Amino acid sequence: RNHAIECQQIVFNKLLAKGVLTSFGKEHRFNEIKSFYDFKKNVPLRTYEEMLSYTSRIFQNKKNVLWPGLPVYFGKSSGTTDGPKYLPVTNEHLTCTQFAARYMIANLVDQLGNTEFIDGKVFYQADPQVFENKNGFKCLLFLIRILLRKNLRDISVQEGKQENLCH
């Protein structure tokens, strides 16, 4: 938290380097991007529908489309507007979101000086029991679910402090 801008730049550079050889990275000249402003210029905002050409290629088992390799599964939105949407989920995405959640909880425990706010509850992002199979990919329905876990108080403040945010 003391070097947020530097950490963001390191993560940004690593993401660009990782995506440079993907179809998306080549089409948007990731190799030329050096700053947020370059990224903003090269990668326009677009709707889900405008991204369908990419996800449809992934569903055809084409590798290296949006991210290196293939996703481990697709998240499936509940479809509140215009039906469900399929979002590729990679192992790296799962690792990063789990790390961020642990870090945020550890940071909050550090700031509050206790774990009382947790009260044995944790949020769970997806239900692996609710899925469909689409062209060989599992498509999990994203849900918010509260699980009771009494041993959650084992989260260590030191865990969040020891891990390097810029990895």
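Biologist: What volume does the largest pocket have?
Modeller: This is a predicted model, and in it the largest pocket has a volume of about 1300 Å³.

Biologist: Which residues are the closest to its centre?
Modeller: Leu-15, Leu-66, Trp-67, Thr-90 and His-93 are the closest to the centre, out of 40 residues that line the largest pocket.

Biologist: And which elements give two or more residues to the lining?
Modeller: Those are helix H1 (4–19), H4, strand E2 (86–89) and helix H5 (91–112). The largest share comes from H5, with 8 residues.

Biologist: How do the residues of that lining divide into nonpolar, polar and charged?
Modeller: The lining of the largest pocket has 29 nonpolar residues, 7 polar and 4 charged.

Biologist: Let's turn to H4. Which of its residues are buried?
Modeller: In H4 the buried ones are Tyr-48, Met-51, Tyr-54, Thr-55, Ile-58 and Phe-59. Looking down the axis of H4, you find its buried residues within an arc of 145 degrees, so they line one face of the helix.

Biologist: Nice. Why would a spacing like that put residues on one face?
Modeller: An α-helix has 3.6 residues a turn, so residues three or four places apart point the same way.

Biologist: How does the end-to-end span of H4 agree with what it should be?
Modeller: Helix H4 covers residues 48–59, and at 1.5 Å a residue its 12 residues should span 16 Å. The end C-alpha atoms are 15 Å apart, which agrees.

Biologist: What follows H4?
Modeller: H4 is followed by Asn-61, and the phi of Asn-61 is positive, near 65 degrees.

Biologist: Changing topic: how many salt bridges does a search of the whole structure find?
Modeller: The search finds 3 salt bridges. One of them joins Glu-92 to Lys-18, with the closest N and O atoms 2.9 Å apart. Glu-92 is in helix H5 and Lys-18 in helix H1, so this pair ties together parts that are 74 residues apart in sequence.

Biologist: Are those two buried or partly exposed?
Modeller: Glu-92 is partly exposed, at a relative accessible area of 33%, and Lys-18 also counts as partly exposed, at 37% relative accessibility.

Biologist: Which side chain does Arg-57 meet in a salt bridge?
Modeller: Arg-57 meets the side chain of Glu-27, at 3.7 Å from N to O. That pair links distant parts of the chain, since Glu-27 lies in helix H2 (residues 23–27) and Arg-57 in helix H4, 30 residues apart. Glu-27 is partly exposed, with a relative accessible area of 44%, while Arg-57 counts as partly exposed at 25% relative accessibility.

Biologist: And what does Glu-32 form a salt bridge with?
Modeller: Glu-32 pairs with Arg-29, and their closest N and O atoms are 3.0 Å apart. Glu-32 is partly exposed, with a relative accessible area of 44%, and Arg-29 is partly exposed too, at 37%.

Biologist: Let's zoom out. How many helices and strands are there in the chain?
Modeller: The chain has 6 helices and 4 strands. From the N terminus on, its elements run α-α-α-α-β-β-α-β-β-α.

Biologist: Last one: what percentage of the chain do buried residues make up?
Modeller: Buried residues make up 27% of the 167 residues in the chain.

Terms used: Residues numbered from 1 in each chain as written. Predicted model: local features only at pLDDT ≥ 70, side-chain atom pairs only at ≥ 80, totals over all residues. Heavy atoms only, no water. Expected span 1.5 Å × (residues − 1). Buried < 20%, exposed > 50% of the residue type's maximum accessible area, 1.4 Å probe, protein only. Arc of directions from axis to C-beta. 1 Å grid on protein atoms, 1.4 Å probe; cavity = no way out; pocket = protein on both sides within 12 Å on 5 of 7 lines; lining within 4 Å. Points joined across faces, edges and corners; volume = space filled by probe spheres on them. Nonpolar A, V, L, I, M, F, W, Y, C, P; charged D, E, K, R; others polar. Salt bridge = Lys/Arg side-chain N within 4 Å of Asp/Glu carboxyl O.
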